[in-house]
Each structure stands twice: as C-alpha cells, then as structure tokens.
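Trainee: Could you show me how to read a few features of a protein model? I would like the general idea and then the case at hand.

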Amino acid sequence: MLGRNRALAMLHRAIECSAADMTQATLDIGESNLTRFANSMIHQNVSERNAQIAVKAAIGKRIGYATTNRLDDQSVEAVVSKAVEFARHSQENPDFVSLPAPKPVPTIDTYDERTAAYSPEDRAGAVAGMIAEARRVGASAAGSLSNGYQESAVVNSLGVEAYNALTMADLTTVMSGDGGHGYADRISQRIGDFDPIEAAVEAATRSVRSRSPEPIEPGEYDVVLLPYAVVELVEFLAYLGLGALAVQEGRSFMCGKFGQRITGEKITIWDDGLDPRGLPRPSDPEGVPKQRVDLIVNGVANAVVYDSYTAYKEGKESTGHAIGGAGAYGPMPVNVFMRPGGSSVEEMIASTKKGILVTRFHYTNVIHPVLTVITGMTRDGTFLIENGKITKPLRNLRFTDSILERLSNVELISRETKRQAWAVVPAIKARAFRFTGVTEF
Amino acid sequence: MRDLTEKALEKVRELGASYGDIRIVRRTSESIEVKNGKVEGLTSETDEGFGIRVIADGSWGFAGSLTVEPDEIERVAGLAVRIARASAQVAHEPVKLAPVETAEGSFEFDVQKDPFEIPIEEKIKLLLDADRLMRQIPEIKVARSSMNFRRTETIFASTEGSYIEQIKTESGAGIEATAVAEGEVQKRSHPASFRGDFAAAGYEFVEAMDLAGNAERIAKEAAQLLKAPQCPSDVRTLILEGSMLALQIHESCGHPIELDRVFGTEASYAGTSFLTPDKLDDFRYGSDIVNIVADATAPGGLGSFFFDDEGVPAQRVDIVKDGVFVGYLTSRETAEKLGRRSGGAMRADGWNRIPLIRMTNINLDPGDWTLDEMIEDTERGLYAEMVGSWSIDDKRLNFQFATEVAYDIEDGSLGQMYKNPTYTGITYEFWGNCDAIAGEDEWHLWGLPNCGKGEPVQTMHVGHGVAPARFRNVRIGVMEAPEGEDV
C-alpha cells in the first residue's frame with residue numbers, strides 16, 4: 001500500500017510542476033488477483049500490480065490529457081509536460097468552464113484487510129469446494145474468483161484533495177451437465193460477505209433443474225426476471241440516458257420527458273454512491289463527493305447525473321458521477337438502486353398462468369437508444385411456468401424489446417434485492433416480454 | 001533487457017517450474033477526439049511492465065508488475081510459481097505444450113509516415129475539417145471524429161531458448177454524424193462505425209480515408225434516415241457491405257473457432273462453441289464458395305504479427321475450405337490436445353494479461369462477382385451497410401445484427417432507404433445460403449480494435465478481410481415498434 005500521504009504528495013508534486021492555468025492529477029494504484037476455473041480445474045491464475053497517473057491540464061479553455069503507469073519523478077514530470085503540451089496545441093472548448101472546486105468528501109470504510117490479503121491458496125481452496133459441489137450433482141464447474149485492492153487519489157490546482165482505498169471480491173460461476181446450465185455470482189468489498197459454497201449450490205441446483213431443455217416458439221410471454229437479468233435492463237438504462245451528456249446531446253430517452261411518466265409507477269430508480277448496500281466510494285475521479293440522485297421516481301423521469309463539465313455547462317453543480325479518463329463519454333450512474341416491492345420469486349411464479357423464468361441475459365446490445373430497444377439471449381437457466389409452477393427447462397431464446405415499455409408493464413417486484421457490480425436490484429414479473437428467436441440449446 | 005529476462009527465467013527454473021516465459025511490453029498511445037467543433041479529448045498514454053507465465057506442478061501461474069527492475073522481477077517470478085502451485089492444489093490434467101522451434105531476432109512492421117511524428121495541429125485540422133462539413137447539415141446534432149495511434153514494443157523470452165523483439169505501429173480513424181429529431185436518433189459513419197477503420201500502418205492509412213470528402217455525404221444520409229421508414233419484417237435476399245460482413249465473420253466464425261472456447265475455458269463468461277472437435281473436417285459451415293482463413297501474416301492487418309505471445313511464428317491457417325470447417329485458432333496447449341502444432345494465435349493485451357487464443361486476421365476469400373452485379377442479379381432483397389449493433393448466443397449460433405442503413409433492392413436496383421435495419425439467423429444456415437462474393441477489387445482488410453474476451457477482460461485488435469457478399473432467405477426487420485410509438 002502506498003498510503004494517503006504518499007499518494008497525495010506525489011500528486012501535489014505533479015500539480016506544482018504544471019505550467020497550465022488549471023491542473024488535475026489522479027493516481028490509481030493497486031493489485032488484482034484472479035483464479036479462473038473450467039471443466040472443474042483451475043486453468044488460469046493471475047496476479048498483477050499496476051498503477052496509473054493521469055493529468056488533465058487546462059490552458060484557458062484548451063485541455064490536454066496524458067497518462068502513464070511509471071511513478072518515478074522524471075516520468076511524473078514528463079506526463080505533466082505532455083498534458084500541458086497537448087493543451088497548448090489543442091483548440092478552445094467553449095463548453096469548458098472549470099475543474100471542480102473543493103467540497104468536503106465523507107470518509108467511508110471501503111477497505112478490508114482480509115480481502116486484500118486473500119491468497120492464491122485461499123482462492124484455490126474456495127474453488128476446490130465449489131468444484132466438489134458441482135461433482136456432487138454430476139456437473140462441471142466453471143467460473144472465476146477474484147480479489148484485490150485499489151488506492152485512488154486526486155488533487156487539483158483549485159484545492160480538491162481526495163484519497164480512498166477500497167477492496168473488491170468477485171465470484172462468478174456456471175455449472176453445466178447433461179445440457180443443463182446454472183449461474184450464480186457474488187460481489188462485495190469484503191470477501192467474508194459471501195460464501196462461495198452457497199453460490200456453488202445455487203448454480204449447481206439450477207444446472208440440474210435445467211437439464212434436457214425443450215424448445216418453445218418465440219412470441220410474447222409474461223416473464224419472471226431474476227435479479228441477474230433485471231440488472232442488465234437497469235444498466236442499459238443508465239448507459240443509454242441517465243447521464244447529463246446523453247441529454248445534452250439529445251440522444252437520451254429522458255430528453256423532453258422530465259416530469260413525465262416513462263415507466264409504470266411501481267418503478268423507482270436512484271443512484272447512491274455512499275449506500276453500503278451497494279459498492280460505495282466517497283467521491284468520483286474528479287474528487288467530487290458522491291450525491292444521491294433520484295433518477296426515476298414512481299415512473300416519472302426526474303433527474304440525471306453530472307460531472308463537472310456537464311454541470312458547469314448548465315450552471316449546475318456536479319453530482320459526483322465523473323467516470324474518469326478524458327471525459328469524452330460523460331458522467332454515468334454506477335451505484336444504481338431499484339426500489340424493492342413486496343413480492344417474492346415464488347409468489348411471482350405462483351401468480352403466472354403461462355410464462356418464462358429468465359435467470360440471466362447474454363450479449364445484450366442496443367438496437368434503438370431513444371426507444372431503449374435492446375436485444376440479447378437468455379442463458380444458464382430458462383424455464384417454462386405453467387399454471388403457477390415451473391414445468392420444464394427451455395432452450396435459450398432471443399429477445400428484442402424496449403426496456404421502458406417492459407418497465408411500464410411490471411406487475412410484481414420482489415422484497416429481496418441483489419448486489420451486483422453496478423446496481424442493486426430486485427426480481428420482477430413483467431407482462432408480454434418479446435421473445436423474437438430461438439437457438440439450438 | 002536480456003539480463004532481466006535471463007534473471008526471470010533463471011528464477012523460475014530454480015523454483016522448479018517446468019516451463020516459463022516473460023514478456024516485457026512498452027506501449028505508447030495517442031488519441032484525438034473532436035466533437036461538434038471542439039477538441040474533446042487529446043490524450044497521450046504510456047504503459048510499461050512485464051508478465052511472467054510459468055508451468056509448475058503441471059499447472060499455470062502468471063504474475064505481472066509495472067516495475068521493470070531486477071528485484072521486482074525476482075519477486076514476481078516467485079509469485080508466478082507460487083500461484084501455479086496453488087492452481088495445482090485442485091485436481092487437474094498436467095499442462096502439455098505442442099512443440100515449437102525456438103526463435104531469436106528483432107522484427108518491426110514498416111510504416112510510411114510515423115503517426116507520432118505528425119504534428120498534433122495537422123491531425124486536429126484534418127478532424128476539424130470533417131467535423132465542420134458534417135455540421136453543415138442542420139439535422140446533425142452530434143458530429144464526432146477521432147484518430148487513434150498505438151505503438152507496442154514487446155520482448156518475449158522463454159525457458160526453451162526463444163528471445164524475440166517485435167515493434168508494431170497501428171493507426172486508425174473515423175467520423176460519425178448523428179442526426180436527432182423528435183424521439184428519433186440516427187447515425188452514419190465513415191469508413192466504418194465504432195471509431196472507424198484500423199491497420200498496422202502509419203499516418204498514410206488515415207490520409208487515404210478521405211474523411212473530409214465523405215463528411216457531407218454521411219451527414220446527409222443520417223438526416224435522411226430520420227424520415228426513412230422502418231425496415232420491414234420479411235425473409236429476403238440480403239447483401240452485406242464489407243464492414244458489416246467483417247463483423248459477421250468476427251462473431252459467427254472468429255469466436256467459435258477459438259479452441260479454448262471449444263474446450264470450455266470461457267464457459268462462465270463469453271461462452272463455448274458449436275464447432276466441437278467432432279465437426280472438424282466434416283461439418284458444412286457454409287456454401288461451396290465460402291473459404292475462410294486465419295492469416296496472421298496479412299500485410300497491414302490489425303491482427304498481424306511476426307510471432308504470437310508464446311513465441312509461435314505467424315501463420316496462414318485454413319478455417320473453412322469450400323464450405324467445410326477444417327481448422328481452429330490454436331495455442332500450444334490446445335493444439336497438443338488435437339495432436340497438432342500450434343497455429344500461433346496466443347495474444348495478450350499488454351504485459352499484465354496472460355495470452356489467450358485470439359483472432360488474428362480472419363479473412364473471407366474473394367469471389368468473382370462485383371457488388372453492382374450482385375444487386376443487378378437480385379430480384380427482391382435488401383442491401384445493408386455498416387454495423388449498428390450485434391448480439392449472438394453463447395455457442396455462436398443465433399445472431400442478430402443491426403446496421404446503420406439499408407436499401408430496398410427491387411428488380412436489380414437499389415430503392416427505398418430504411419432506418420433501424422436488423423437481420424437474424426443461425427450461423428451455419430446463414431453461411432450455407434451465401435451464393436455470391438465480390439472479387440479482389442472490392443476486398444478490404446478491416447481492422448477491429450475492440451474485441452473483448454477473458455477475465456480480466458482483454459481488448460484485442462484483430463482484422464477481417466472481406467468483400468461484399470450475398471445471402472439468400474434471411475429474416476430481416478426484427479425490431480417491432482413499441483406500443484404507441486411510430487417508428
């Protein structure tokens with residue numbers, strides 16, 4: 001670990017040697033480790049130690065940006081010089097107002113020593129236990145278990161100064177056998193928050209239930225979407241239109257709709273980077289503290305998130321949603337929450353006369369951003385529901401549907417939510433989901 | 001650097017590894033982003049480090065670090081061996097590698113104009129000129145243009161005795177005009193969507209694109225799309241333009257022939273493959289005119305190299321011959337399982353990533369038609385251009401692609417323009433219905449800089465050489481209008 005003082009001192013040195021009018025320097029440094037398994041064997045096992053210093057230099061309204069992973073004084077000076085040189089040669093960007101001004105950043109606990117120190121032997125032991133669960137049901141195990149830490153610091157010439165250390169642990173598994181596949185994942189800033197064996201049992205059980213899947217004709221079906229599938233819809237909403245740049249460029253589904261209903265009133269979605277139920281962090285890469293933003297409230301388009309560039313352009317304050325880099329892609333909500341309901345997956349199944357339960361989606365992509373039409377496949381556990389019961393596993397289906405339209409037709413939402421990389425979401429039951437194709441497995 | 005690589009290899013031998021290699025990689029990148037007359041991003045990146053890969057107790061271990069110094073190399077070598085031994089705690093088949101001749105030497109791709117030596121102002125001007133021309137069309141609300149350059153210097157050394165130095169310079173650029181109206185967003189790009197076209201070449205490659213010369217055309221087409229009707233739902237003959245066909249090959253041929261996917265090692269993430277080994281030399285992948293090769297030797301190819309990242313020389317490998325599936329992209333480990341030599345497709349996205357089987361240049365051999373002849377020969381069909389979006393199942397069978405634009409073909413002529421075109425199919429049925437491929441004059445080696453695979457994810461630069469081609473009986477127009485919306 002570099003530690004707060006050394007990290008900030010390195011960035012202050014960078015700022016001091018800059019000839020620009022305004023300068024921002026960020027540092028990310030850490031270790032990441034990942035053990036991958038497939039066919040019930042570990043086939044890939046990696047570890048890396050890496051860092052990046054990024055410098056944004058502003059001369060008037062001309063901006064330059066440069067990065068390096070070399071941390072010696074000479075390299076830091078060189079990366080500052082490069083950013084300044086690029087700013088000098090750039091054109092004026094009239095929309096640029098300023099780097100962000102300092103604001104108090106809260107202190108939150110995002111670092112767990114056990115997660116940082118989790119060893120290759122620890123990971124191998126956990127994977128061995130998961131493989132044993134797969135064998136118990138005659139399945140083959142695949143997946144990955146990763147852990148690591150990252151220190152992030154930012155300093156700018158207007159007085160912003162922020163530092164945070166966080167840890168991360170992430171587990172994904174697919175169990176397969178006799179044509180059946182089952183999925184589970186877990187993520188947390190503390191590896192002790194989840195039990196790899198419990199995740200293995202979830203995936204193994206689902207893989208057994210999905211053996212010998214049968215084909216079904218595509219068409220409109222009521223669906224029960226597990227949180228693994230719901231998160232895909234919510235993430236695409238965030239990506240397509242819940243950032244200010246998408247609105248400013250006129251390509252967001254929120255354009256012209258603020259204050260109007262865009263989904264059913266059961267749907268409320270917000271972003272809260274400080275909520276410990278998600279994966280919190282105190283500030284964004286510009287050092288702006290994370291603000292809660294209510295994005296969709298009872299189905300009504302309410303607000304989008306900002307970084308300093310998009311906020312100052314509108315005379316507003318950043319909500320702490322810069323995503324780093326040169327900023328060309330604009331701000332994004334990355335700690336999204338969807339309000340839970342009062343139902344359960346069991347109740348959703350019991351209330352369905354004929355429908356399909358989807359565990360997760362695969363390779364989803366956008367067809368029409370404003371209409372929020374996306375397409376993708378089902379994967380790793382797709383089941384037919386008839387007369388309130390799961391009756392058989394199904395071959396995977398392709399869907400092509402509008403996210404907003406489907407969220408306008410949600411009948412039930414689960415009480416329980418699940419934490420995933422970008423969002424914490426419940427399961428939902430929705431009417432008339434559009435399946436447009438089938439595959440052979 | 002040779003003293004450092006020797007130190008690493010000595011250390012892993014001393015710790016009992018049966019195999020070890022080290023890659024020291026230095027990468028310099030530059031990108032320029034222009035949007036609506038403003039330089040939105042002017043970025044320079046340098047990245048350097050090393051990765052050590054070993055086999056110990058029959059299992060793989062890998063560790064990497066940014067600090068290319070003797071003490072750190074010793075620490076990382078020890079960590080790689082420790083990780084391999086941890087892998088071996090779980091029951092496994094010992095890793096065996098197909099043999100390879102050791103190699104030594106220095107290799108560099110030729111470029112006519114070093115892109116890093118071209119003044120920044122000159123590059124910005126070229127983009128701003130195109131930007132201005134796009135924004136002359138009032139419906140264009142977002143005009144984007146970009147250039148990207150990258151130079152990668154790699155040193156590879158192995159315990160088997162290879163020591164290989166390679167330098168590769170890449171250049172790419174593209175422009176994109178987005179027209180916006182009430183509830184509708186449409187875009188057109190040049191020379192390809194998603195940041196344009198890329199090659200292992202110098203600045204001359206960017207100059208040849210004539211970005212400014214195509215700016216007004218794509219802006220007008222994007223504006224026209226706002227008023228164009230929705231692509232109809234139908235089953236028709238489909239003719240694909242080159243950059244769209246490049247992505248079709250990428251998704252429906254390039255990925256399923258990766259032998260690590262076939263053997264299940266991507267099962268939990270990207271998926272597996274329908275092209276299982278029992279289909280090798282037997283399965284009809286496409287019609288008789290479909291011939292596909294994996295060619296890492298193609299001049300200027302974004303997926304070209306001299307040696308892959310485990311020291312295997314670049315090769316041209318048959319994948320589909322006269323419509324029959326005959327070959328895979330392989331590594332030393334996976335080729336050994338088929339009793340073959342490696343085809344040389346192990347590539348790593350930088351020093352901190354382990355090599356995986358990746359595409360090289362997956363190319364469709366040219367045919368003997370022209371695009372015009374294909375259109376003239378088509379009674380009722382659809383001509384579709386440039387990638388809109390893509391999706392395919394985890395065995396690479398059921399695909400659905402959207403294109404930026406399509407045109408009706410009626411009695412051999414192009415007609416009505418359509419917005420939001422989509423087409424869908426099953427891979428081998430689609431290629432089985434390929435009945436015409438344009439010739440060498442219209443064949444182009446496209447560069448795709450955004451192929452994702454693996455955990456941690458690795459983004460690879462790959463190539464696809466194609467000429468426009470025709471496919472019969474394709475389902476088109478999958479997107480339906482959401483309730484209450486007029487699309």
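**Reading the model together**

Mentor: Let's start with N298(A), which counts as partly exposed because it has 14 C-beta neighbours inside 10 Å. The general idea is this: a residue is buried if 20 or more other C-beta atoms lie within 10 Å of its own, exposed if 12 or fewer, and partly exposed in between, with C-beta atoms placed from the backbone. Before we go on, this is a predicted model, where local features need pLDDT of at least 70, side-chain atom pairs count only at pLDDT 80 or more, and totals for chains, interfaces and linings use all residues. Residues are numbered from 1 along each chain as its sequence is written, while chains are lettered from A and ligands numbered from 1 in the order in which they are written.

Trainee: Where is N298(A) found, and what is its phi near?

Mentor: Look in the loop between β9 (293-297) and β10 (300-301) of chain A. Strands (E, at least two residues) are DSSP runs, numbered from the N terminus. The phi of N298(A) is near 50°, a positive value in a residue other than glycine.

Trainee: And R396(B), is that residue buried or exposed?

Mentor: R396(B) is buried, as 25 other C-beta atoms lie within 10 Å. Its phi is also positive, about 70°, although R396(B) is not a glycine. You will find R396(B) in the loop between β16 (380-392) and β17 (398-410) of chain B.

Trainee: Which peptide bonds are cis?

Mentor: One of them runs from H190(B) to P191(B), with omega near -5°. P191(B) sits in the loop between β7 (184-190) and β8 (197-199) of chain B. Another joins E455(B) to P456(B), with omega near -10°.

Trainee: How many residues of chain B are in contact with chain A?

Mentor: Two residues are in contact if their C-beta atoms, placed from the backbone, lie within 7 Å. Here 68 residues of chain B are in contact with 74 residues of chain A. Strand β2 (residues 38-56) of chain B gives the most to the side of chain B that touches chain A, with twelve residues.

Trainee: How do β3 of chain A and β2(B) pair?

Mentor: Two strands pair if DSSP finds at least two bridges between them. Strand β3 (residues 62-68) of chain A and β2(B) pair in the parallel sense, over four bridges. T67(A) stands opposite E45(B) in β2(B).

Trainee: What about I52(B), buried or exposed?

Mentor: I52(B), in strand β2 of chain B, is buried, with 28 other C-beta atoms within 10 Å.
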